[in-house]
Amino acid sequence: MAYNHKEIIANRPSRFTSGHRMCAGCGAPPVARMVLRALKPEDHAVITGATGCMEVSTFIYPYTAWTDSFIHTAFECAGATCSGVEAAYKSMKAQGKLPEDKDTKFIAFGGDGGTYDIGLQSLSGAMERGHDMVYVCYDNGAYMNTGIQRSSATPKFADTTTTPAGTKIPGKMQSRKDLTLIMANHHLPYVAQTAAIMNFKDLYEKSEKAIYTKGACFLNVLAPCPRGWGYPTEMLMEINKLAVETCYWPLYEVENGKYKITYKPAKKLPIEEFLKPQKRFKHMFKPGNEWMIEEFQKEVDTRWEELLRLEEITNKE
Amino acid sequence: MAEINANTPWQDLTIGGNIYEAGNARNFKTGDWRSVKPIYLSEKCKQCGLCFPVCPDDAIPVNKEQKREDFNYDMCKGCGVCAKVCPFGAIEMK
Amino acid sequence: MSIRERLSGNEAAATAMKQINPDVVAAFPITPSTEIPQYFSSFVSNGTVDTEFVAVESEHSAMSACIGAEAAGARAMTATSSNGLSLMWEMIYIASSLRLPIVMSLVNRAVSGPLNIHNDHSDAMGVRDSGWIQLFSENNQEAYDNLIMAHRIAEHKDVLLPLMVCQDGFITSHSIENIELIEDDLVKEFVGQYKPEHYLLNDKEPMAVGPLDLQAYLFEHKRQQAEAMRNAKKVILEVSKDFEKMTGRKYGFFEEYKLEDAEIAIVCMNSTAGTAKYTVDRLREKGIKAGLLKIRVFRPFPAEEVAKVLSHLKAIAVLDKADSLNAAGGALFEDVVSGMYVSNIHVPTVSYVYGIGGRDTKSDDIEKVYNDLSEIVKTGKIDNPYRYLGVRGDK
């Protein structure tokens, strides 16, 4: 069935309610809500949340913004916690302890801190063991919950509270870890990178595939943070679009080892377009710092070309 | 689930902080966070739906006819993302 | 009729787990508890149990997976030792605060560092304030029996707390001894089905577990945990009574060995009690009125009851197989003396830290402690209440 976002929103009630306490204009709630809309309305879900912005703002006792079952344990173990829930389901279902005619799906959400860094081992373990689950990383490129500290997802040169752009060191000096490729190299049935652009088609379709592909699947979704990135809150959708149009955040999927870039910009925009509206990159635009933009562009180009190559190689007969 | 608030004695709290009423955050109003307010100009709206999914606070009700209704001001935090994506100027921030 | 067998402590624990047939076991190998998941995996592979075995990549994940599984509505179990428990530490607190009756077999081993694989109780002592019920076992039989009783205690509606059954690494985990096993169907009936009131997999009542619990609520939730731990005392005795009806084997908070008419006594836990019993018998032959109090239930700590059974003594030595490194004696010592103090019982009591890192504690060592107690009784003097037993360099 072709994606019709109006129909989906009208017919599938939100499973991530209002009344949560994420910041105004946060990029993560629209992502999480659309991921959950990919669930068949008749399916139950158990959501696991890693400690982070999304968890602490959606489940403050005595309120929860999740209409499905939800569990949070700690920062670094959403993968393992979710695998325990899934193992319980498998075991109890096989023993006839759960209704036969009802399907439950397992989805974990973690920010980049809880996914790229402290939760990487737990995630890797859960994926390698092949639990029937989807791990969704909402990547906002730093530890936003604790106040914008650098993570391994933070882009190079970004000004964060632990990599402040100073006179001697101009922001974060290391490149961003490519977690999507790391997960692809776990040889999972389905891995995808996406963002909430346009009418969320790419995000919805990949979520649906990930949820309904048997086995361990991984989604990496860009989730801009107006506070941490330093852009006006209303620009959310524009920032998402610029990330994709500059190829900073390519949209692609890896299905059974085959790479497919799901959106190729007709004209790749220069990286400045993405960097310019964000305060965290402001120092890169000072006279004398042109080299930083050049270097950033080079990295984006190299990674984009690598992706094009991967797509070509893996689709050869 | 019985009403729980900051005066509830320990004997009456759910154990472990469990919540048995999924989605009850709907009862927690966030509208007072707002400093600017989106105004829906229905006459300009073409019901294109671009604003439907972008609201972080699910404050744009969409009915079964796939049409949006006026904002849920109990929940809208006033971020302005919806106004920015509207191609027809049907949402004004005031 | 019970089944006579010869099993190591680890085999006994694995056998109990097989008979309990939990829905999920998540475990990670660590000496000396490794054999438990090993044996258990073969039960899974051969279809002897219905369990989903999750071979996690760390102990932190083992406890995380157990929490996920138990919250989902399953019975979840694990086994670990030493640093494995240390790595779980964060999740240990979360398991009890979420009120999940997970059951663990803890094969006690020294916590690093430096690295040592042998027995002491520093692992269990590191989580003594975590809100887990802690049962200690003298031998393979007790390790087995405690596990069979574990779920009935942990899952009781007035308790709902996780529980760990401790036994001494290598000393009992790897020693083959006689054991009486209970028939499978009797265990099944005794343990019963796990039917949680609320669970994640109940699609008719979706629920949320593990909130951000701020100033207005966390204190009350901790108070609930404290109450549950108090309730556990009653439940432990009830379940032990039922267990006695089934097996004839009697369990309480502790075991008193020749304590009633004793003048001097040792308080200790796990396998050392076996050595102490032998020593008590030897001393009794010489006319020395020695006795022993072996603690089975360390958490909840039966402070009042312990104080009462020690009240008639002339001198007491509390043996801790872990050093609290606090300049004020071991953890068990502190609990015993504070229990006595609160009950207004004043018996000269000394702390002995012993057996660290698997240092062998022989009958002669235990006898030395009794001799020290006799000396205290004779002179009425305690020069140093914080003593070490079996360490080189101390007098």
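## Terms and basis of the model

Two residues are in contact if their C-beta atoms, placed from the backbone, lie within 7 Å. This is a predicted model, in which local features need pLDDT of at least 70 and side-chain atom pairs count only at pLDDT 80 or more, while totals for chains, interfaces and linings use all residues. Residues are numbered from 1 along each chain as its sequence is written, and chains are lettered from A and ligands numbered from 1 in the order in which they are written.

The model has an ipTM of 0.98 and a pTM of 0.98. Helices (H or I, at least four residues) and strands (E, at least two) are DSSP runs, numbered from the N terminus.

## The contact between chains C and A

Chain C contributes 39 residues to this contact and chain A contributes 38 residues. On the side of chain C that touches chain A, the elements giving two or more residues are β2 (24-27), β3 (52-55), α3 (59-72), α4 (82-97) and β9 of chain C. Of these, α3(C) gives the most, with 10 residues. By class, that side has 24 nonpolar, 8 polar and 7 charged residues. Here Ala, Val, Leu, Ile, Met, Phe, Trp, Tyr, Cys and Pro count as nonpolar, Asp, Glu, Lys and Arg as charged, and the others, Gly among them, as polar.

## The contact between chains C and B

This contact takes 19 residues from chain C and 10 residues from chain B. Two or more residues on the side of chain C that touches chain B come from each of β9 (208-209) and α8 (218-247) of chain C. The largest share, 4 residues, is that of α8(C). The residues of this side of chain C divide into 9 nonpolar, 5 polar and 5 charged.

An open sheet of 9 strands has the order β8(A)-β7(A)-β5(A)-β6(A)-β4(A)-β3(A)-β1(A)-β2(A)-β9(C), with mixed pairing. Two strands pair if DSSP finds at least two bridges between them. The edges are held by β8 (258-263) of chain A and β9 of chain C, each with a single partner strand, so one side of each is left without a neighbour in the sheet. Strand β2 (residues 69-72) of chain A is joined to β9(C) by 2 bridges, and the two run parallel; A:I71 stands opposite C:V209. Within chain A, 4 bridges join β5 (residues 190-195) to β7 (residues 251-255), which run antiparallel, and A:Y190 has A:E255 as its bridge partner in β7(A).

Helix α4 (residues 78-94) of chain A lies across β1 (44-49), β2, β3 (104-111) and β4 (133-139) of chain A, running at about 175° to β3(A). Helix α8(A) also packs on the sheet, touching β3, β4, β5, β6 (216-222), β7 and β8 of chain A, and its direction makes about 160° with that of β5(A). Axes are lines fitted to C-alpha atoms, for helices over the stretch in contact, and angles run from 0 to 180 degrees between N-to-C directions.

## Helix α8 of chain A

The 12 residues of helix α8 (residues 201-212) of chain A should span 16 Å at 1.5 Å a residue, and the end C-alpha atoms are 16 Å apart, which agrees. The expected span is 1.5 Å times one less than the number of residues. In α8(A), the residues A:D202, A:L203, A:Y204, A:K206, A:S207, A:A210 and A:I211 are buried. A residue is buried if 20 or more other C-beta atoms lie within 10 Å of its own, exposed if 12 or fewer, and partly exposed in between, with C-beta atoms placed from the backbone.

## Strand β14 of chain C

In strand β14 (residues 315-320) of chain C, 6 of the 6 residues are buried, so the strand is largely enclosed by the rest of the structure. C:A315, C:A317 and C:L319 point one way, and C:I316, C:V318 and C:D320 the other way. Strand β11 (residues 264-269) of chain C runs parallel to β14(C) and is joined to it by 4 bridges, with C:A317 as the bridge partner of C:I266. Strand β15 (residues 349-354) of chain C is also parallel to β14(C), through 5 bridges, and here C:V318 is partnered by C:S351.

## Residue C:V44

C:V44 is placed in helix α2 (residues 35-45) of chain C and is partly exposed, with 17 other C-beta atoms within 10 Å. Leaving aside neighbours within four places in sequence, C:V44 is in contact with C:V49, C:T51 and C:F53.
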